[in-house]
Amino acid sequence: MPVPFDPYPPFKDFAHPEAFVSAAWLSARLGTSGLRVVESDEDALLYDIGHIPGAVRIDWQRDLNDPVTRDFIDGEAFAALMRAKGIAREDTVVIYGDKCNWWAAYTMWVFKLFGHEDVRILDGGRDAWMAEERDTSFAVPEYPETDYPVVERNDATERAFVDEVLDAADGRAEITLVDVRDLDDYAGTAEKAYSPKSVERAGHIPGALHAYWRNAVHFNNRFRPFAEIQEAYSNLDPKAPTITYCQLGDRSAHSWFVLKYILGFRDVRNYDGSWSEWGNMVRMPIATGETP
């Protein structure tokens, strides 16, 4: 039986208020049957220094990614992960994490690729929970193994690949591309040292609009009111097919979540290859400057 939705007033104007929970709502319902809490951070070690009581850890890199192919795990591996974490197919799953919920949104996005129906994000994530000095725990919970079914991943509705992004960039497909990185990354003027996560070329995908991911959140990491978010993304058409991207797919998963669940975009997908793929491919078209 699904866990009731959070009636927190700031969520009521969102297109899908059922996809959000507040810290107060979650704190009052910890331990509820049918509710599982998942922590998914960029820094996976944060879980070890204190987490929401009863929360399990899902490491976006170790748990969700195929160890050989640059892709996500398949249906059998996802089912095995869910069974081991004590998550049933009908459970309400609340996900939270660090970095303004970047990787929590990314993990939710992967859950949606496997069609898990009731997945929600904790507004403000780990930082908001800690700022309110709510209870934390060092204990790693052990739940009974579930019978989570094997469901094959469906990439069609939520995920974009480089070929169709190239079609959009070349004008062969009427798709809005949205770069959610910092403006200097978009413009190709960022001065950053090379690292394993860097790319050979800087700039943005030709024709992509810029919509900075942070425009959707306050500096305390909670989501802004609907009207402010709507204004921040007023350069985008909610009726147009839309693809978001960033550097690694995490911030663009956050923006995918905002466009889909707050603003009600019906056809929005995340290009998880993002700039780490595009900027390293030979002969790929690249634009620079602050306007497309």
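## Close-up views of the predicted model

At 2% relative accessibility, Arg181 counts as buried (buried is under 20% relative accessible area, exposed over 50% and partly exposed in between, with a 1.4 Å probe and protein chains only). This is a predicted model in which local features need pLDDT of at least 70 and side-chain atom pairs count only at pLDDT 80 or more, while totals for chains, interfaces and linings use all residues. Residues are numbered from 1 along each chain as its sequence is written, and side-chain values use heavy atoms, leaving out hydrogens and water.

**View A. Asp179 and Arg181 meet in a salt bridge.** Their side chains come to 2.7 Å, N to O (a salt bridge is a side-chain nitrogen of Lys or Arg within 4 Å of a carboxyl oxygen of Asp or Glu). Asp179 is buried too, with a relative accessible area of 0%. Across the strand pairing, Asp179 stands opposite Tyr245 in E8.

**View B. Four strands line up as an open sheet.** Follow the order E7-E6-E8-E9, with parallel pairing. Strands (E, at least two residues) and helices (H or I, at least four) are DSSP runs, numbered from the N terminus, and two strands pair if DSSP finds at least two bridges between them. E7 (209-210) and E9 (268-270) are the edge strands with a single partner each, so one side of each has no neighbour in the sheet. Further in, 4 bridges join E6 (residues 176-179) to E8 (residues 242-245).

**View C. Helix H8 lies across E8 and E9.** H8 covers residues 250-262 and runs at about 165° to E9; axes are lines fitted to C-alpha atoms, for helices over the stretch in contact, and angles run from 0 to 180 degrees between N-to-C directions. The end C-alpha atoms of H8 are 18 Å apart, in agreement with the 18 Å that its 13 residues should span (expected span is 1.5 Å times one less than the number of residues). Because 13 of the 13 residues of H8 are buried, the helix is largely enclosed by the rest of the structure. Just after H8 comes Gly264, with a positive phi of about 80°.

**View D. Asn270 sits in strand E9.** At 0% relative accessibility, Asn270 is buried. Its side chain makes a polar contact with that of Ser252 at 2.6 Å; such a contact is a pair of N or O atoms within 3.5 Å, where within protein one must be able to donate a hydrogen and the other to accept it, and residues adjacent in sequence count only if both atoms are side-chain atoms. Beyond four places in sequence, the contacts of Asn270 include Trp109, Thr244 and Trp256 (contact means heavy atoms within 4.5 Å).

**View E. Asp272 and Arg159 form a salt bridge.** The closest N and O atoms are 2.9 Å apart. Asp272 is in the loop between E9 and H9 (274-278) and Arg159 in the loop between H4 (125-131) and H5 (162-169), so the pair ties together parts that are 113 residues apart in sequence. Asp272 has a relative accessible area of 10% and is buried, as is Arg159 at 4%.

**View F. Helix H3 is largely enclosed by the rest of the structure.** H3 (residues 102-113) reaches 17 Å from its first C-alpha to its last, close to the expected 16 Å. Its buried residues include Trp102, Trp103 and Trp109, and their cover includes H2 (75-85), E4 (92-96), E5 (119-122), H8 and E9. Just after H3, Gly115 has a positive phi of about 75°.
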